[in-house]
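Q: I have just opened this protein and would like to learn how to read it. Could you walk me through it, one feature at a time?

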Amino acid sequence: MREATERGPEIWLRGPVAAPEAEGPPGPAHARATARSFSWIGLHGGAGVSTLAAVYGGHDGGRAWPAPTAPRSVLLVARTHAAGLDAVLPAVDLFRRGEAPHGLDLDAVVLVADAPGRLPRPLVQRVRRIESVIDVYRVPWVPDWRLGDLGGRLPRETEPLARLTGAVR
């Protein structure tokens, strides 16, 4: 028998936790969950912010900080080429040092494939460095998106990103 002073393991939660619903019968947790809205911020031109906002929802922030009326949760977006990956850690550091606009919450980095196929080893090493300091979501090359067809099924590899943003198709 456990003594009253013993405690179970601590559980750390990331992000805001919604208050339980007061009315209605309890249902499965996934049925009650509501997705947070995000501001997608590109770290360089052509990062894919507009496409991601159209596909996964949220605010297309372009390359600017979100306005006060936009969602305060930020997803930084970069392509997986050298220049895109080099832009990530300095931007993450702005948040770490408290130099990002007040009230913004950096949730993760989204890396969008810059070409079909595997990344070369030097780029893989840069991605690993980024993953060591912040959550990273990867988006593969999607030929249909290049042609402007954003309505198909989400890539299987982006299921974690779809869960984060609440995108369901």
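A: Gladly! Let us begin with a word we will need: a residue is called buried when its relative accessible area is under 20%, and exposed when that value is over 50%. Please keep in mind that this is a predicted model.

Q: Thanks! Which residues of helix α5 are buried?

A: In α5, which covers residues 121-131, the buried ones are L123, V127 and I130. Viewed down the helix axis, these buried residues lie within an arc of 55°, so they line one face of α5.

Q: Why do residues three or four places apart point the same way in an α-helix?

A: An α-helix has 3.6 residues a turn, so residues at such a spacing end up pointing the same way. In our case, R121 and R128 are exposed on the other side of α5.

Q: What covers the buried residues of α5?

A: The cover includes helices α3 (82-86) and α4, together with strands β4 and β5.

Q: How many bridges join β3 to β4?

A: Strand β3 (residues 73-79) and strand β4 (residues 105-112) run parallel and are joined by 7 bridges. You can find S73 standing opposite D105 in β4.

Q: Let me try a single residue. Is S39 buried or exposed?

A: S39, found in strand β1, is buried, with a relative accessible area of 0%. Leaving aside residues up to four places away in sequence, S39 touches H59, P66, A70, P71, S73, V74 and L75.

Q: And what about the protein as a whole?

A: The protein has 7 helices and 5 strands, and from the N terminus they run α-β-α-β-β-α-α-β-α-β-α-α. Buried residues make up 35% of its 169 residues. The accessible surface comes to about 11100 Å², and carbon and sulfur atoms account for 53% of it.

Key:
Residues are numbered from 1 along each chain as its sequence is written. This is a predicted model: local features need pLDDT of at least 70, side-chain atom pairs count only at pLDDT 80 or more; totals for chains, interfaces and linings use all residues. Side-chain values use heavy atoms; hydrogens and water are left out. Two strands pair if DSSP finds at least two bridges between them. Helices (H or I, at least four residues) and strands (E, at least two) are DSSP runs, numbered from the N terminus. Buried means under 20% relative accessible area, exposed over 50%, partly exposed in between (1.4 Å probe, protein chains only). Accessible areas come from the Shrake-Rupley method with a 1.4 Å probe; for residues, only the protein chains shown count as cover. Contact means heavy atoms within 4.5 Å. The arc is that of the directions from the helix axis to the C-beta atoms.
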